[in-house]
Amino acid sequence: MKKILPFLLFAAFLCHGQTGFVRNAEGIRVPTAATMGQGFFYLGGSFETISDGEPLALKGSFNDGLGHSHEMESDVPSSGGAVQLAYGALDYFDIGLYLPVYYEGDIEETDLGGIGLGDLQISFKTALQTDFPIIPAFALEFFAPTGARSIGFRPRHVWFIDSSDPSYAYTAGEWAIAANLYLTIHFSKILHWHNHAAYLRNFGNGNNALLYGTGFELFPKKMISVIVEASGEAILRKNNMGSHFLNDPLRLTPGVRVHLPSSLDLTIGADIGLDFIRKAKVEHATYVTRDDGEKQYRYAIPGSPKIAINVALTKTFDFSWKDADRDGVYDRLDMCPGTNLGMQVNSRGCPVDEDQDGVLNIVDDCPGTPFGVSVDYFGCPLDADGDGVPDYLDKCAGTPEGTAVTANGCMMDSDGDGIDNNHDKCPMSRPGEAVDTVGCALDADRDGIPNTDDLCPGTPEGLSVDKSGCPLDDDKDGVPNNWDLCPESAPGEIVTDKGCPKDSDGDLVPDSKDECPDTPAGFPVDPNGCPTDSDKDGVPDALDKCSGTPRNAPIDSIGCLLDTDKDGVPDYLDKCSTLPGIKIDKQGCAIDSKQDLQAIAKRVAFTKDKKQLTEPGYAAINDVITLMREVEFKLEVIGSEKECNAIADYLDMKGFRDDKIKFTIQNGSLQFKAFDTAE
């Protein structure tokens with residue numbers, strides 16, 4: 001740990017990856033197709049470390065040179081990093097430089113651990129300019145064999161591994177070249193989809209590889225963007241390509257990017273390998289042969305670690321030299337872009353005297369004055385008469401101060417009465433109408449009575465008025481004669497705005513005589529305006545479905561006689577409350593006493609202490625049970641607590657549920673009542 005800690009502190013500012021970690025301003029392992037733009041310089045660095053707790057080798061051994069074979073299994077730190085430089089030579093052409101640095105912890109009985117450089121990578125990338133939210137790009141990458149050869153355990157790329165000869169962990173050992181295709185699709189401003197595919201040729205061991213990836217970046221221009229990617233590498237084998245594809249590096253990379261001030265970005269991600277889901281097995285691994293001169297090692301490594309943690313810090317510098325307005329100040333420094341050609345500007349690109357009126361912009365209160373116009377000390381056009389219209393536009397010089405004027409400096413008089421708008425209190429005077437000094441008509445309501453004698457100013461035009469200028473109203477109902485359709489209304493009559501008696505409920509009885517002013521529309525009414533009720537049962541004839549009901553007989557809401565027990569005998573004649581479906585006499589009582597609940601209740605007998613039924617009591621309750629089974633109804637028992645308990649015990653023994661029986665404790669004679677009878 002003492003050896004590793006200083007390196008971790010240093011590598012936190014470096015950049016590392018298999019397909020490349022944080023290659024430009026968007027994406028993590030899957031870069032955007034967009035280029036940086038002319039003059040922009042990109043500096044990036046990051047750190048990556050495996051943190052899955054698994055040995056670097058699933059299985060392996062080494063020969064000590066004396067003919068002895070030793071088993072090996074290394075569970076040590078494996079980390080790396082790199083620095084990346086990129087420069088936008090043109091708007092759609094970038095040049096990049098990528099130098100990795102790798103680290104392996106001390107591996108028991110070997111000399112493979114330590115820090116070493118990886119292969120230097122140089123890239124040339126160009127993007128196609130389109131009018132669509134789809135950006136294609138192409139790049140060539142060259143890998144120089146600058147990496148350390150004597151150290152390292154875990155090969156950082158699949159094309160480093162030679163299946164027949166010893167391989168290196170930090171370098172391919174030979175030159176390699178990759179042709180890359182990129183495609184980025186913008187879904188509005190909140191989602192970008194990046195795609196990458198590359199063919200890599202290793203000129204040493206002949207390993208050709210496919211590099212690929214796809215990923216989405218949500219809110220790419222916000223302070224925090226969310227990234228999810230899938231990427232990998234695969235050796236292009238002639239045989240059994242499909243069976244080896246999943247055993248080569250394949251990872252899912254979720255992460256976030258924090259856009260800090262000054263074009264500084266912090267990216268945090270995690271690589272989740274396929275073995276995170278499936279169990280790491282030797283048959284899924286790739287065999288590596290390493291040789292340090294005296295010893296030879298052969299071991300199996302997984303295609304991708306289960307999980308790795310990535311941290312990157314990047315910054316973009318603007319060194320562009322564009323000067324769009326050709327004022328001699330670069331756009332990145334120009335505080336006033338779009339300056340007119342030939343205009344004198346300061347070091348920030350802003351005009352010194354933009355309107356060329358002889359007054360510097362810094363003190364010019366009227367920038368943009370036309371060339372050649374005379375101005376005052378503050379750079380504003382001269383206005384001798386102070387009417388707000390500069391002299392070079394004023395067609396009526398000498399206008400009195402405060403007068404409303406038009407755009408050409410002449411008096412503004414909208415109604416043509418000779419009084420300017422600023423002083424006209426009545427700006428809508430009729431043409432030719434005599435007005436006073438403030439522009440108002442001498443007879444404002446035009447009723448023939450001068451304003452000075454008019455007690456009712458504002459009388460609507462056309463109404464007949466008296467000598468005081470007030471509208472004539474002969475019947476004194478508040479409606480002028482000219483509008484009154486009923487000119488002889490009775491004194492005190494409530495009238496409409498047309499002067500006729502008001503009938504709010506439309507029953508043809510005026511409100512002044514209507515004792516029932518809210519009668520519903522269509523109801524017949526009496527002379528007092530109240531709904532008629534011929535049979536005096538309290539239900540108006542318009543709602544009464546049973547006219548001619550006997551006086552004081554109980555009725556329902558539609559005026560029909562009540563028959564509570566629905567036995568065909570109205571309540572006012574019914575002497576008994578009976579159950580539906582039983583035979584009754586003319587007075588509404590059950591013909592069979594065993595079907596009369598009150599008659600049965602009178603036959604119920606108890607012991608002296610009221611705690612138990614006697615034989616006659618049991619017989620009476622049995623009649624109730626028989627009746628409840630013949631006619632569907634619920635029974636209410638009204639009696640003392642002891643009587644109710646005795647009856648409840650017997651009914652419970654007979655199997656009657658509580659929802660069929662209701663008990664009401666009440667002193668007095670025992671009563672049986674039916675409720676909730678079925679229809």
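Me: How many disulfides does the structure hold?

Reply: The structure holds six disulfides. This is a predicted model, in which local features need pLDDT of at least 70, side-chain atom pairs count only at pLDDT 80 or more, and totals for chains, interfaces and linings use all residues. Residues are numbered from 1 along each chain as its sequence is written, and side-chain values use heavy atoms, with hydrogens and water left out.

Me: What makes cysteine 366 and cysteine 380 a disulfide?

Reply: Their S to S distance is 1.8 Å. A disulfide is a pair of cysteine sulfur atoms within 2.5 Å, so the pair of cysteine 366 and cysteine 380 qualifies. The two cysteines sit in the loop between S17 and H3, 14 residues apart, and the pair links distant parts of the chain.

Me: Why is the disulfide of cysteine 366 and cysteine 380 called right-handed?

Reply: The torsion about its S-S bond is about 85°, so the disulfide is right-handed.

Me: Why is cysteine 380 called buried?

Reply: Its relative accessible area is 15%. Buried means under 20%, exposed over 50%, and partly exposed in between (1.4 Å probe, protein chains only). Cysteine 380 therefore counts as buried.

Me: How do you know that cysteine 456 and cysteine 470 form a disulfide?

Reply: Their sulfurs are 1.9 Å apart, which meets the cut-off. This link joins cysteine 456 and cysteine 470, both in the loop between S17 and H3, across 14 residues. With 80° about the S-S bond, it is right-handed.

Me: Buried or partly exposed: what are cysteine 456 and cysteine 470?

Reply: Cysteine 456 has a relative accessible area of 21%, so it is partly exposed. Cysteine 470 has 16%, so it is buried.

Me: What makes cysteine 546 and cysteine 560 a disulfide?

Reply: The S to S distance is 1.8 Å, so the pair passes. Cysteine 546 and cysteine 560 both lie in the loop between S17 and H3, so the pair ties together parts 14 residues apart in sequence. The torsion about the S-S bond is about 80°, so this disulfide is right-handed.

Me: Why is cysteine 546 called partly exposed, and why is cysteine 560 called buried?

Reply: Cysteine 546 has 25% relative accessibility, so it counts as partly exposed. Cysteine 560 has 14%, so it is buried. Cysteine 644, with 2%, is buried too.

Me: Why is aspartate 420 called buried?

Reply: Its relative accessible area is 7%, so it is buried. Aspartate 420 is placed in the loop between S17 and helix H3 (597-603).

Me: What makes the link of aspartate 420 to histidine 423 a polar contact?

Reply: The two side chains come to 2.7 Å. A polar contact is a pair of N or O atoms within 3.5 Å; within protein, one must be able to donate a hydrogen and the other to accept it, and residues adjacent in sequence count only if both atoms are side-chain atoms. A polar atom of the aspartate 420 side chain also lies 3.0 Å from the backbone nitrogen of alanine 404. Leaving aside neighbours within four places in sequence, aspartate 420 is in contact (heavy atoms within 4.5 Å) with Gly402, Thr403, Ala404, Met411 and Met412.

Me: How do you know that strand S1 and strand S17 pair?

Reply: S1 (residues 40-50) and S17 (residues 307-318) are joined by 11 bridges and run antiparallel. Strands pair if DSSP finds at least two bridges between them. Helices (H or I, at least four residues) and strands (E, at least two) are DSSP runs, numbered from the N terminus. In S17, threonine 314 is the bridge partner of glycine 44.

Me: What makes S14 and S17 a pair?

Reply: S14 (residues 264-273) meets S17 over nine bridges, in the antiparallel sense. Aspartate 271 has alanine 308 as its bridge partner in S17.
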